[in-house]
Amino acid sequence: MTRFMDVHHGMTGITAGQLMAAHRADQEIEGEEGVRFERAWADPESGIVYCLSEAPSADAVQRVHDRAGHPADEIHPVPLMV
């Protein structure tokens, strides 16, 4: 499994409750695609949201986000962590 960091734009003004609801929506269906969403971060001012996951592919991550109603604008593999 590979870790991925995905980026969502255009979520200006997102609240902690909305971020949690979006994260939970992903988690409710992640198993169907073999994805495990670990954490999400947001900057309400810029409208950028970041999600860290483990998945078999970037396509699997995107399918979950698409189905949950918030497709990612970018998905990047994260091959190294410290």
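Biologist: Which residues of helix 2 are buried?

Modeller: This is a predicted model, in which local features need pLDDT of at least 70 and side-chain atom pairs count only at pLDDT 80 or more, while totals for chains, interfaces and linings use all residues. Residues are numbered from 1 along each chain as its sequence is written, and side-chain values use heavy atoms, with hydrogens and water left out. Helices (H or I, at least four residues) and strands (E, at least two) are DSSP runs numbered from the N terminus, and buried means under 20% relative accessible area, exposed over 50% and partly exposed in between, with a 1.4 Å probe and protein chains only. On that basis the buried residues of helix 2, which spans residues 58–68, are Ala-60, Val-61, Val-64 and His-65.

Biologist: Within what arc do the buried residues of helix 2 fall, seen down its axis?

Modeller: An α-helix has 3.6 residues a turn, so residues three or four places apart point the same way. The arc is that of the directions from the helix axis to the C-beta atoms. The buried residues of helix 2 line one face of the helix, because seen down the axis they fall within an arc of 135°.

Biologist: Which elements do the buried residues of helix 2 pack against?

Modeller: Contact here means heavy atoms within 4.5 Å. By that criterion, the buried residues of helix 2 pack against strand 1 (2–8), helix 1 (16–29), strand 2 (36–43), strand 3 (48–55) and strand 4 (74–77).

Biologist: In what order do the elements of the protein run from the N terminus on?

Modeller: The protein has 2 helices and 4 strands. From the N terminus on, these elements run β-α-β-β-α-β.

Biologist: What is the radius of gyration of the protein?

Modeller: The radius of gyration is taken over C-alpha atoms, and the globule rule is 2.2 Å times the number of residues to the power 0.38. The rule gives 12 Å for 82 residues and the protein comes close to this, so it is as compact as a globular protein of that length, with a radius of gyration of 12 Å.

Biologist: Is Phe-4 buried or exposed, and what is its relative accessibility?

Modeller: Phe-4 is found in strand 1, and it touches residues including Leu-52, Val-61 and Ile-75, not counting those up to four places away in sequence. The C-alpha atoms of Phe-4 and Leu-52 are separated by 5.7 Å, although the two residues are 48 apart along the chain. Phe-4 counts as buried, its relative accessibility being 6%.

Biologist: Which residues is His-23 in contact with, leaving aside its neighbours within four places in sequence?

Modeller: His-23 has its place in helix 1 and is buried, with a relative accessible area of 12%. Leaving aside its neighbours within four places in sequence, His-23 is in contact with Phe-37, Glu-38, Arg-39 and Ala-40.

Biologist: At what relative accessibility does Glu-38 count as partly exposed?

Modeller: Glu-38 has its place in strand 2, and its contacts beyond four places in sequence include His-23 and Leu-52. Glu-38 counts as partly exposed, at a relative accessibility of 25%.

Biologist: What percentage of contacts in the protein with a separation of 6 or more comes from residues 24 or more positions apart?

Modeller: Phe-4 and Leu-52, 48 residues apart along the chain, are in contact. Among contacts in the protein with a separation of 6 or more, the share from residues 24 or more positions apart is 67%.
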